[in-house]
Amino acid sequence: MRQPPGRRRVLAVAVTASVSLVTLVLSAAVAAPATSAAVDGWLQTRWVSPGGVVTLKVDALPENVSRATFDVVVSRASHPTRVTVCAGPVITDQCRRTASSPVKSASFTTTVDLTDLDRLVTVHSSAGLVQVTLNLVGYVEAGRGATGPAPSGPSSPSQEESSQEPSTSSTTATAEEEEETTPPAQGPGGGWPSKSNTGVPAGTQLRVVNGSGSTPPGTVWSGNTMTVVGNGTVLEALDIRGLVRVEGKNVTIKNCLITGRQVSSSTALLFVATSGSVAVSNTEIYAKEPSVFIDGVIGQNFTLERVNIHTVVDSVKIIGDNVTIRQSWLHSNLHYLNDPAQGGQATHDDNVQIQRGNNITLSQNTMESSHNAAIQVTQDMGAVGTLVVDNNLVSGGGCSFNLADKGKGPLSGTTLRSNRFTRTSTYNCAITISPESHGVVSLADNRWVTWDGTVWRPGDIVAVNRT
């Protein structure tokens, strides 16, 4: 069962970051600057890995900006950490020295000097996997006065929070500039899926496909969509600036970038029709024009391997049989306050939503940053069976795995084993299973993990909630 709308986090227009002892609420409304173009609700949330950095370009700022002020919320840390925000593309020693004391959640306002730094800011976490939200509240252009409102800061921190204000800054990322958000760890191929081992391999030269004159053999272009009609078509090393629809069988997509176009109704960057089948590998899929209407992959009869999917609402939506997702990184989901598909309520974004299907395997993936669930089984379109979920590194969600039968019978044939959970779900809930399926689903070796500075260390077996 999905979490009630009133209990979900809101990240796009407002943020409610639930942690064990505190709820932080941050408004994203930004007043128009007095001397330059308005900053239109610029607010971003990103995960930062233990010892990792995220460098972001604040495109909402003018090119001649000298200083910028951000409200910052730090939340959902896997364990106490120091969060540092610096101007520019690197974390300096000065920033490290002025970072806040170790906390699991904090809020502060910071102003950074961006002169000659091309609007770049970098966030660092010393020890914990942590979610950082930045809200741009004002800036100063070189030779001009301040714009925007005087920063008022987020709500006051409570017991687990720190109100210390480091002279550092936090941030938003354009999709092309996102850094990996899950730390390296011992797992498939020597590390969990992340930026370093998913998506287009470094150095790959991509050919742009953006209309009917540039489409490869076996495809046709209409409107904003490239449709693959030829059986056995191979798409390789392409920068596809539109939607992709697969109707042919045994299609291959590898070493590609799929970024879509502007959309006004529900769709996916990659849609696999009932007549089609496709194997996708070493490919990055994200919405260059984010929208409440856009998902990553929708369909059946597909395999994803070493695929990086982000900046969409649902990373993957399964609506039929024969799906495998392996060694892929599903992260940075879009979340909106007002989703027409949810009756005007907040989006129900998931890393993987399974509406029906058999012969489904989700293995050795990193899944994070969703707000409803990392894996949501709904059976909305029909029965789900022969589902194997094993050896995944999982963060986020209300409950990270949420298995609902919706009155369509128990989820027989479902196995959840050897998955690792980082204690960053809203309700500290790794797995919840509807009563009819409780006792039917096979469970083995699903554990909480903690970061020891080098790897994720497995700990206690997770308890299973009954919804």
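How many helices and how many strands are there in the protein chain?

Tutor: Happy to! The protein chain has one helix and 41 strands; these are DSSP runs, numbered from the N terminus, of at least four residues (H or I) for helices and at least two (E) for strands. Please remember that this is a predicted model, where local features need pLDDT of at least 70, side-chain atom pairs count only at pLDDT 80 or more, and totals for chains, interfaces and linings use all residues. Residues are numbered from 1 along each chain as its sequence is written, and side-chain values use heavy atoms, leaving out hydrogens and water.

Let's go inside. Of the chain's 467 residues, 59% count as buried (under 20% relative accessible area with a 1.4 Å probe, protein chains only; exposed is over 50%, partly exposed in between). If we take contacts between residues at least 6 apart in sequence, 71% of them join residues at least 24 apart (a contact is heavy atoms within 4.5 Å).

Now for the part you asked about. The largest nonpolar core holds 59 residues, and V316, V352, I354 and F401 have the most contacts inside it. Such a core is a set of buried Ala, Val, Leu, Ile, Met, Phe, Trp, Tyr and Cys residues joined through side-chain atoms within 4.5 Å. Strand β29 (residues 350-363) gives this core its largest share, four residues. Look at I354: leaving aside neighbours within four places in sequence, its contacts include I318, I360, L362, I375, V377, V384 and L387, and also Q376, T378 and Q379. A second, separate core has 25 residues, among them F108, V123, V132 and Y139.

Next, the rings. There are three aromatic pairs (Phe, Tyr or Trp rings, using the six-membered ring of Trp, with centres within 6.5 Å; planes under 30 degrees apart are stacked, over 60 edge-to-face, the rest tilted). F401 is buried because its relative accessible area is 0%, and F421 is buried because its value is 1%. W451 and W456 form another edge-to-face pair, 5.4 Å centre to centre with 65° between the planes, and both of these residues are buried. Finally, ring pairs link F401, F421 and W448 into a cluster.
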